[in-house]
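Let's take a walk through this structure together, one piece at a time.

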Amino acid sequence: MITSVINQKGGTGKTTTAVNLASALVQKKKKVLVIDLDPQGNLSYSLGINDFDHSISEALLQKKKISELIVEREGIDIVPTDQRLSKLEFGSKSKISEFMLRDALKKVRGYDFILIDCPPSLSSLTLNALSASHTVVIPIQLDVFSIQGLEQIMETIKEVKSSLNRKLKIAGILPVLVDGRKRLTTEIKDYVKQNFDVGLFKSEIRTNVKAAEAPSFGESVIKYAPASNSAKDYMKFCGEYLRVMKKIS
Ligand SMILES: Nc1ncnc2c1ncn2[C@@H]1O[C@H](COP(=O)(O)OP(=O)(O)OP(=O)(O)O)[C@@H](O)[C@H]1O
Ligand SMILES: [Mg+2]
């Protein structure tokens, strides 16, 4: 099962979700591969990787095998990234195939889950991720601007489903950076339920300082602060993700 974590808006917890869902899946004895598809490299950095010899750009630009590009951290297999990948993000769309990542992943075997951390754009990199995926998880902050952005993501997913990847499904929308005291939060959740034809995960990820600290230590929050609200929220979300995946597949 291949899942992209997407949202074209910046700073909506995509990378934090990819890292900690991967870590939680490993805790549950799943074999997990994570692809850092963002040239910013936040996911690689978050797990203490600054090894530019191993990068997904080598697979996409030089046709190296994914299996030769893996770095292991916390029991998670990771394909890091580097700046060269941005060539694909902003290059001429007509010259870039949307199927490069799908084709590179075709030869990969032995994983229960492959997670793709997407850049904050709906560029050809994100289209590559969507073409290669079975499902998407959309982390959103429950504010008005995020809701505006959601319409754009839904439109892109609809287009991808009708052209590049018929089998693509939305696993769900994951509320992140949630401040339970805000009345707006509940109102926006209701709005999403009423206006979008997709599930909102029941689990949500609360704002918690440990989640923000963990990347500086090169660790998932599940390793860095296992008793924190963030670690608990991501473990709970992982359980729900597994149930949804079972239902979908
Ligand atoms: N639950 C949380 N509590 C507190 N801080 C968080 C939480 N989740 C994420 N953050 C922090 O918010 C910032 C943005 O998160 P993250 O990098 O995961 O978002 P992103 O969507 O991947 O961003 P980008 O669009 O730049 O790739 C980071 O500094 C991260 O540490
Ligand atoms: Mg990110």
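Axes here are lines fitted to C-alpha atoms, for helices over the stretch in contact, and angles run from 0 to 180 degrees between N-to-C directions. Keep in mind, too, that this is a predicted model.

With that in hand, turn to α1 and helix α11, the latter spanning residues 229-248. The two pack at an angle of about 75°, and their axes are 9 Å apart. Angles of 65 to 115 degrees count as roughly perpendicular, which is why α1 is described as roughly perpendicular to α11. Which residues make this meeting of α1 and α11? On the α1 side they are N20, L21, A24 and L25, and on the α11 side Y234, M235, F237, C238 and Y241. Sorted by class, the residues of this contact comprise 8 nonpolar, 1 polar and no charged.

L21 turns up again when we look at the largest nonpolar core, which has 68 residues. Together with A22, V34 and L115, L21 touches the most other members of that core. The largest share of the core comes from α1, with 7 residues.

Now follow α1, residues 14-27, to ligand 1. A shell of 19 residues surrounds ligand 1, and the closest are K14, T15, T16, P120 and A211. Where does the largest share of this shell come from? Here α1 supplies it, with 3 residues. Both α1 and α9 (209-213) contribute at least two residues each. By class, the shell holds 10 polar, 7 nonpolar and 2 charged residues.

Finally, two backbone details deserve a look. Most residues other than glycine have a negative phi. K29, in the loop between α1 and β2 (32-36), has a positive phi of about 65° although it is not a glycine. Is K29 buried or exposed? K29 counts as exposed because it has 8 C-beta neighbours inside 10 Å, and the cut-off for exposed is 12 or fewer.

E74 also has a positive phi, of about 50°, without being a glycine. E74 sits in the loop between β3 (71-73) and β4 (76-79). With 18 C-beta neighbours inside 10 Å, E74 therefore counts as partly exposed.

Note on methods:
Residues are numbered from 1 along each chain as its sequence is written. Chains are lettered from A and ligands numbered from 1 in the order in which they are written. This is a predicted model: local features need pLDDT of at least 70, side-chain atom pairs count only at pLDDT 80 or more; totals for chains, interfaces and linings use all residues. A residue is near a molecule or strand if its C-beta atom, placed from the backbone, lies within 6 Å of it. Helices (H or I, at least four residues) and strands (E, at least two) are DSSP runs, numbered from the N terminus. Ala, Val, Leu, Ile, Met, Phe, Trp, Tyr, Cys and Pro count as nonpolar, Asp, Glu, Lys and Arg as charged, and the others, Gly among them, as polar. A nonpolar core is a set of buried Ala, Val, Leu, Ile, Met, Phe, Trp, Tyr and Cys residues joined through C-beta atoms within 7 Å. A residue is buried if 20 or more other C-beta atoms lie within 10 Å of its own, exposed if 12 or fewer, and partly exposed in between; C-beta atoms are placed from the backbone. Angles under 35 degrees count as roughly parallel, over 145 as roughly antiparallel, 65 to 115 as roughly perpendicular and the rest as oblique. Two residues are in contact if their C-beta atoms, placed from the backbone, lie within 7 Å.
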